[in-house]
Amino acid sequence: MTQNILVLLVLFSPLIFVLTAFSSWFQPGKRPLFIKKLSVSASLISLAIAAFGTVALLQYGEMETPTYGINGLGFSLRLDSLSLLMFSMIALLSFIVVRFSLNYLDGDARQGVFIGRLAATIAAVQLLVLAGNLALLFIAWVLTSMTLHRLLVFYRERPGARVAARKKFIVARLGDLSLLGAIVLLFEQFHSGNLELIFQGIKNAQESGLPLASIGTAGIFLALAALLKSAQFPTHGWLVEVMETPTPVSALLHAGLLNAGPFLIIRMAFVMEASTTGSMLLIAIGGFTALFASVVFLTQTSVKTALGYSSAAHMGFSLMVCGLGVFPAAMLHMVAHSFYKAHSFLATGSVIDSMRSAKFTGTIRSGNPLRIVLGILLGFGVYIAFALAWGVDPQTELPLLAIGAIISLGLARLFTSALDSNGSPKLFLRASLLSVMVAASFFILEAGAHLLLASQLPQLALPSLSEIILISILLSAFATVIFIQIMSPFLADKPAYRALAIHLRNGLYMNTLFDRLVRGLYTQGAHGQAKMHNSNGSFTNEESTRNPLFAKRSA
């Protein structure tokens, strides 16, 4: 009884944000003093509840309320290490975004409306991570999309904002249907919506060797829901078009709401482990999106567009890692990306000013083959040394090594830039120290995340032959792209290279194809269409030739 009350006390946080949203109806205009104070109070209370939940979890362990509903479907809260980690992250991010919003929109004629919509979105996300039942999980999942939609169209008079929001609305509804399909299959299999009962049923069936007929299909639907929620290829276009919303919305979207996809997969990790096809879908689409969006990101000249592709790439990487079954590493990456991306958006103006006033002195690459090879070997050497020192077993922890191989490619890029240049020895020393810090941080933090979430996640399983083949293809693709990037200073004048830069800068025109599929959205007239095409980040041949592939972006 005491534990149920403790869990229900955590519900006070989303409820006070709901109160803030409701109160904004009565102070929708400029400088709503009461709404501003209430929103700050809500974010502070949320932080206090996160601390309270941590103490309660340490004392009592995993806690869950009874299900209030019908036939096992209804309202139930779950407080465990996963939900508390996500809740604490959301509490801190919401405090930062709310405080930033008070100054950013000060004097706006609809500041009260904005704060209310922001509070409603935060409440929906908090409810999502606390859900202990499939029914509440689905309701909160839909609410996050609906409340986000209202933020995206805050400036309804802007055609670009309306177009991006409508495209997001279509993708979100497809994601909702996918999640609903997974929930129906899981309910038919276990006759309950309680997450703990479902997870325990899967573990019992695996231990006894009993077949679970619908789990594979449920995993596919979950994977589709996550991919659609997190703006994965080829439905990523709406994310890079969201340029007309206030900066706090961009920060909350990229640092918080996009994480709903990876969170869903991590929460339903036992289901995904039992679905080979669902896992392969995450590896294939998530991995390709990570690679594709990363390359396109490097070609952009618009800061916000570049950050949009960056978010799609990071979400793709997290989902790929989930598909590999290394859920602690995916969680670690997701949390790190959230804080990094929130800072990136909220500090965009300051960064641009700093770049304009700073004087950069670039190094000149020499193109020495021996130095390039040595840089690549050093990158892999640092990672292999840490893997051996950490005791990573290639036979039982192959997925972890696959993730490490991608990290090694990044380290190789770092070493080659330092070695194959006219830079001083200090540059090589800095590259070496940074590489050691990256490798050490990965192993230490991944081990910490594994220790923290071990009770909520399945053990790392060996990948199937088809998954190994898929991983090998992706690693080859990553290696090819990194090698081209290493050699890019010597390819910049090649006509084929410049042509590729044009196509990549336009995202291989995938967003144009997506636009044609939803042509009915374009009802804003010629002016709206022109603005929309501008927000797509399309470039002419003349503009592209001034900015070759992998060139340094200007602010």
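## Basis of the model

The model is predicted: local features need pLDDT of at least 70, side-chain atom pairs count only at pLDDT 80 or more, and totals for chains, interfaces and linings use all residues. Residues are numbered from 1 along each chain as its sequence is written, and side-chain values use heavy atoms, with hydrogens and water left out.

## Helix 2 and helix 5

Helix 2 (residues 12-23) packs against helix 5 (residues 111-130) at an angle of about 155°, and their axes are 7 Å apart. Helix 2 is therefore roughly antiparallel to helix 5 (an angle over 145 degrees, on a scale from 0 to 180 degrees between N-to-C directions). Helices here are DSSP runs of H or I with at least four residues, and strands are runs of E with at least two, numbered from the N terminus. The crossing of helix 2 past helix 5 is left-handed (the near helix is turned anticlockwise from the far one by less than a right angle; clockwise is right-handed).

On the helix 2 side, S13, P14, F17, V18, T20 and A21 meet I115, G116, A119, A120, I122, A123 and Q126 of helix 5, where contact means heavy atoms within 4.5 Å. By class, this contact of helix 2 with helix 5 has nine nonpolar, four polar and no charged residues. Ala, Val, Leu, Ile, Met, Phe, Trp, Tyr, Cys and Pro count as nonpolar, Asp, Glu, Lys and Arg as charged, and the others, Gly among them, as polar.

## Helix 15 and helix 19

The axes of helix 15 (residues 303-324) and helix 19 (residues 398-419) come within 9 Å and cross at roughly 155°, which means that helix 15 is roughly antiparallel to helix 19. Helix 15 passes helix 19 in a right-handed crossing.

F317, M320, V321 and L324 of helix 15 make the contact with P399, I403 and I406 of helix 19. These residues divide into seven nonpolar, no polar and no charged.

## Serine 81

S81 lies in helix 4 (residues 81-104) and is buried at 10% relative accessibility (buried is under 20%, exposed over 50%, partly exposed in between, with a 1.4 Å probe and protein chains only). Its side chain reaches the backbone oxygen of L452 at 3.1 Å. Beyond four places in sequence, S81 touches L57, L452, L453, S455 and Q456.

## Backbone features

The peptide bond from F233 to P234 is cis, with omega near 5°; P234 is in the loop between helix 9 (215-229) and helix 10 (237-241). A231 is also found in the loop between helix 9 and helix 10. A231 has a positive phi near 55° and is buried, with a relative accessible area of 0%.

N71, in the loop between strand 2 (68-70) and strand 3 (73-75), has a positive phi near 55°. N71 is exposed, with a relative accessible area of 62%.

Key: Angles under 35 degrees count as roughly parallel, over 145 as roughly antiparallel, 65 to 115 as roughly perpendicular and the rest as oblique. A polar contact is a pair of N or O atoms within 3.5 Å; within protein, one must be able to donate a hydrogen and the other to accept it, and residues adjacent in sequence count only if both atoms are side-chain atoms.
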